[in-house]
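Please keep the sequence and the structure in view while reading.

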Amino acid sequence: MGRTTVRRTRGRGAAALAVVVPLLLTGVAACGSGSGGGGAATITFVWWGSEGRANLTQKAVELFQQKNPDIEVQTSFSAYAAYWEKLATQTAGGKPPDVLNVDSRYLAEYGGRNVLADLNSGAGRAISLADVNPELAATGVYQGKRYAVPWAQNTPAMIYDPAAFTAAGADPAKGLTWDQYAEAARKAGTAGPARGVTDFGILDTTLEIWLRQQGKQFYTPDGKLGFTADDLRRYWELASEFREIKAASPADVTASYNTSPEQSPLGKKLTSSEFAYDNLLPAYRKANGKPLNVAPYPTGANGGTGQYRRPSMFLAVAARSGQQEAAAKLVDFLINDPEAGRIVGTDRGLAPNLKVRAQLAGEAKGNDKTLYDYEAALEPKLGAAPPVPPKGAGAIQKLLQRTYEEVAFGRMSIDDAVSRFMTEAEKGLS
């Protein structure tokens, strides 16, 4: 049987926000892995995440090798920010991995520069999406080419401390408007040492959901901003109102935020709720130590949550891989094999294969059951996923965070911050 080599690569610090991918992705040399001893194909496979995620993924890879003894898989993983730094370096050097984890923010960046194989042709056709929701499957298509397939489904959500909000007279699980949420978060923040919510003004994900509630979107299908300066001004005014009534975290706490639950304000018990992705609930519970729960976003004027079926991450194959058949076989296995789905559980989200998901939902307990029940209840309200973000979306995320922090610290007015963001964002997308 093939051997699995795990290279445990630790990220620099705990930062989990995306970094700008250097635009060095053209002219990639042939990079496919060679054959192992005895004629076995050797492929490399990389992803981002924690040690716990790595252990689960490793078990799934080992099962794949048991079923495919002629394929050897060499694996490695990193924290999110370090992952993109390393991948950019590998790609620029002409040696990207055969199978790689891709985020929606970087799908256009890597796909558009011919780093990723079009899975609608060649070896990629062996990857079956027959049992994947068509709307979810379509999220891996950019400019008519299928550069990736969804590895799991999640949806944006509010993760919160039920005890804190019960004391404030609110139940987020039953649904709140933004006004109701502001009042509940204010009361939750004054009842204890933690503020009611982590300041969401820095989050592109929350801005996206809020825009969808207004009938707008973050990016247009042709890769431009889908909102106006006035839209952003109103969003930042909303976030600032939460902060000013002491419902949201103060600037110094907000500035320490990253998407690692262990390092987030909610994870560190500095707030009582936070906007994140639902599949992160178990990690938040572990970090915070309280029986946190998951709820839909507060609703907009039209009563909708703005939430959608989201690919929590993708699997892709390198365009120049010398082992595309073996790589595609691994991808198909991770997407469609019931045993693999059972092993990885809900760490990345719900299984993309609907038949596998239904089977696992029937067996689910504890955290897994909470997540399956939550998305099942929300399913009828989920809208279509937005277009694939354009090249530069990772940089836009950083720009939004950096600019809003200036507002939170009182170093810049909202009007000036909006003007700076719109100018720099439109320039970056031109």
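Does A376 count as buried or exposed? At 53% relative accessibility, A376 counts as exposed, since buried means under 20% relative accessible area, exposed over 50%, and partly exposed in between, with a 1.4 Å probe and protein chains only. This residue, A376, lies in helix α14, which covers residues 366–378. Between A376 and V102 there are 274 residues in sequence and 26 Å in space, taken from C-alpha to C-alpha.

The model is predicted, and local features need pLDDT of at least 70, side-chain atom pairs count only at pLDDT 80 or more, and totals for chains, interfaces and linings use all residues. Residues are numbered from 1 along each chain as its sequence is written, and side-chain values use heavy atoms, with hydrogens and water left out.

Consider next the whole chain. It contains 16 helices and 11 strands; helices (H or I, at least four residues) and strands (E, at least two) are DSSP runs, numbered from the N terminus. The C-alpha trace spans about 70 × 50 × 35 Å along its principal axes. For 430 residues, a compact globule would have a radius of gyration near 22 Å, and the 21 Å of the protein chain agrees with this. That radius is taken over C-alpha atoms, and the globule rule is 2.2 Å times the number of residues to the power 0.38. Of the 430 residues, 58% are buried. Among contacts between residues at least 6 apart in sequence, 77% join residues at least 24 apart, where contact means heavy atoms within 4.5 Å.

Two helix pairs deserve attention. Two packed helices are described by the angle between their axes and the distance between the axes. Axes are lines fitted to C-alpha atoms, for helices over the stretch in contact, and angles run from 0 to 180 degrees between N-to-C directions.

The axes of helix α1 (residues 51–67) and helix α11 (residues 324–336) come within 11 Å and cross at roughly 120 degrees. This angle makes α1 oblique to α11; angles under 35 degrees count as roughly parallel, over 145 as roughly antiparallel, 65 to 115 as roughly perpendicular and the rest as oblique. On the α1 side the contact is made by A60, L63, F64 and K67, and on the α11 side by A326, K329, L330, F333 and L334. By class, this contact of α1 with α11 has seven nonpolar, no polar and two charged residues. Here Ala, Val, Leu, Ile, Met, Phe, Trp, Tyr, Cys and Pro count as nonpolar, Asp, Glu, Lys and Arg as charged, and the others, Gly among them, as polar.

In the second pair, helix α8 (residues 229–244) packs against helix α15 (residues 393–408) at an angle of about 50 degrees, with the axes 11 Å apart. Helices α8 and α15 are therefore oblique to each other. From α8, the residues L232, W236, A239, S240 and R243 make the contact with L400, T403, Y404, V407 and A408 of α15. The classes in the contact of α8 with α15 are seven nonpolar, two polar and one charged.

Finally, the backbone: most residues other than glycine have a negative phi. Q143, however, has a positive phi near 50 degrees. It sits in the loop between β5 (141–142) and β6 (145–146) and is exposed, with a relative accessible area of 65%. K269 also is not a glycine and has a positive phi, of about 65 degrees. The loop between α9 (251–254) and β9 (273–277) holds K269, which is partly exposed at 46% relative accessible area.
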